[in-house]
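Try each task yourself before you read its solution.

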Amino acid sequence: MKHCIIYAHPNELSFNHAIKDKVISLINSRGEQYNLIDLYQQRFQPVLSTDDFIALQNNTVNDDVKSHQQLVTEADNLIFIYPIWWFGQPAILKGWIDRIFSSGFAYRDDENGFTPLLTDKSATLIVTLGSSQEVLLQYGMDDFMKNMIVGTLNLVGISNVNCQQLYEVPTLTAAERQTMLENISI
């Protein structure tokens, strides 16, 4: 099994960073392989630019996109680790999806219709939230936030998605966070 970890948090002292370290430890303990895409550390450019559109019109992609697409291609399982900010993933992750899951790579849309192209992959989402599940349910946001990215993954052919939402992270004790880490599965 080969994993591609897509990590989207800028703070090395964050709980998300601890999750990333735990996931890498789990992968190593199984003797499996992984590649890490640390979007903030790599200073990934999330803006879908005119150059991106020109490249796509010429049936190619820019080099930074190509290198990430190669890592996705090599992976059996994509692992996304990120916080929810303002009811969605960080902009850098949304931009990564916009640029990497491009036409001709993640899907094809032509005279034969829409065809997902990442059907040989599974995905794991490990998402941290500041609110309780009850508050999010009250505002109708809990399923919405999860379904936004799960829907995107399903659209490009990734139907086996394990979603782990970790609630109320800022208010938890160190012991409660440790328990959360111990319960993470990939």
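A cavity is a set of points, on a 1 Å grid over the protein atoms alone, where a 1.4 Å probe fits but cannot get out; a lining residue has an atom within 4 Å of a point. Grid points are joined across faces, edges and corners, and a volume is the space filled by probe spheres set on the points.

Before you start: this is a predicted model, where local features need pLDDT of at least 70, side-chain atom pairs count only at pLDDT 80 or more, and totals for chains, interfaces and linings use all residues. Residues are numbered from 1 along each chain as its sequence is written, and side-chain values use heavy atoms, with hydrogens and water left out.

**Exercise 1.** Find how many cavities of 30 Å³ or more the structure holds, and describe the lining of the largest cavity.

*Solution.* 
- Step 1: There are two cavities of 30 Å³ or more.
- Step 2: For the largest cavity, the volume comes to about 50 Å³.
- Step 3: Its lining includes Leu48, Asp52, Asp98 and Arg99.
- Step 4: Helices are DSSP runs (H or I, at least four residues), numbered from the N terminus. Helix H2 (50-57) provides the largest share of this lining, three residues, and H2 and H4 each supply at least two.

**Exercise 2.** Work out which helix gives the most to the lining of the largest pocket.

*Solution.* 
- Step 1: A pocket is an open set of points with protein on both sides within 12 Å along at least five of seven lines.
- Step 2: The largest pocket holds about 190 Å³ of space.
- Step 3: Among its lining residues are Lys94, Asp98, Phe101 and Met148.
- Step 4: H4 and helix H6 (142-155) each give two or more residues, and H6 gives the most, with four.

**Exercise 3.** Classify the ring pair Phe80 and Trp96.

*Solution.* 
- Step 1: Rings of Phe, Tyr and Trp (its six-membered ring) pair if their centres lie within 6.5 Å; planes under 30 degrees apart are stacked, over 60 edge-to-face, and the rest tilted.
- Step 2: A search of the whole structure gives three aromatic pairs.
- Step 3: The centres of Phe80 and Trp96 are 6.0 Å apart and the planes are at 75°, so this pair is edge-to-face.
- Step 4: Phe80 sits in strand S3 (residues 77-83; a strand is an E run of at least two). Trp96 sits in helix H4 (residues 91-100), so the pair ties together parts 16 residues apart in sequence.
- Step 5: Phe80, Trp96 and Phe101 make up one aromatic cluster.
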